[in-house]
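The following exercises ask the reader to work from the sequence and the model together. Each task is followed by a solution in steps.

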Amino acid sequence: MTQPPHDEPTAAGPEELREQVERTRHELGGTVEQLAARADVKARAQETAAAVREQTLALKEQTAAKATELTGQARTKAAEAAHVLQDRLPEPVKDKAAAAAEQARATAGRAGQVWQDKAPEPVRDNRTALIAAGAALLVVGMLLRRKKQ
């Protein structure tokens, strides 16, 4: 007959012995399930891929939110800079800027027609925003050029 391990107390009776056996079976079953899960490479790879997809989606959402926030901040700062610039410009420069803006709008109108004729459809969908930004850059460039002279 074998002796029980020294770290486990012996059972006092048959009922306690049955409980120990049942507890050992339960622990052994859990250990076997864990080993089987570790051996299932395909399932582990699928779990890892799912986790990476979730992380990628979360990062994408965070990036989009940050981009939206930064775009709003940039628009606010640009508007503030435009107001400061308008307040500091002398009237003759403002008149020239207005004339340049009108000329830029006319040029933008002609460019818009060329754009409509030649630009691919996905690019055309954002035409108005791009033309407005180009016109604004043109006006600011002209104002800065005049200010240097």
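**Exercise 1: Salt bridges**

The side chains of Glu22 and Arg25 meet in a salt bridge, with 3.9 Å from N to O. The model is a predicted one, in which local features need pLDDT of at least 70 and side-chain atom pairs count only at pLDDT 80 or more, while totals for chains, interfaces and linings use all residues. Residues are numbered from 1 along each chain as its sequence is written, and side-chain values use heavy atoms, with hydrogens and water left out.

*Task.* State the rule for a salt bridge, find how many salt bridges the rule gives, and describe where Glu22 and Arg25 lie.

*Solution.*

Step 1. A salt bridge is a side-chain nitrogen of Lys or Arg within 4 Å of a carboxyl oxygen of Asp or Glu. Side chains of opposite charge can pair when their charged atoms come close.

Step 2. Under this rule the count is 3 salt bridges.

Step 3. Glu22 and Arg25 both belong to helix α1, 3 residues apart, which is about one turn of the helix. Helices (H or I, at least four residues) and strands (E, at least two) are DSSP runs, numbered from the N terminus.

Step 4. Glu15 pairs with Arg18, the closest N and O atoms being 3.6 Å apart. Both Glu15 and Arg18 lie in helix α1 (residues 14-39), again 3 residues apart.

Step 5. Glu102 forms a salt bridge with Arg105, the closest N and O atoms being 3.2 Å apart. Glu102 and Arg105 are both in helix α3, 3 residues apart, about one turn of the helix.

**Exercise 2: Accessibility**

*Task.* Classify Arg18, Glu22, Arg25 and Glu102 as buried, partly exposed or exposed.

*Solution.*

Step 1. Buried means under 20% relative accessible area, exposed means over 50%, and partly exposed lies in between (1.4 Å probe, protein chains only).

Step 2. Arg18 has a relative accessible area of 53% and is therefore exposed. Arg25, at 56%, also counts as exposed.

Step 3. Glu22, at 48%, counts as partly exposed, and so does Glu102, at 47%.

Step 4. In the protein as a whole, buried residues make up 8% of the 149 residues.

**Exercise 3: Helices and core**

*Task.* How many helices and strands does the protein have, and which residues make up the largest nonpolar core?

*Solution.*

Step 1. The protein has 5 helices and 0 strands, in the order α-α-α-α-α along the sequence.

Step 2. A nonpolar core is a set of buried Ala, Val, Leu, Ile, Met, Phe, Trp, Tyr and Cys residues joined through side-chain atoms within 4.5 Å.

Step 3. The largest such core has 6 residues: Leu89, Ala97, Ala101, Ala104, Val139 and Leu143. Helices α3 and α5 each supply at least two residues of this core, and α3 gives the most, with 3 residues.
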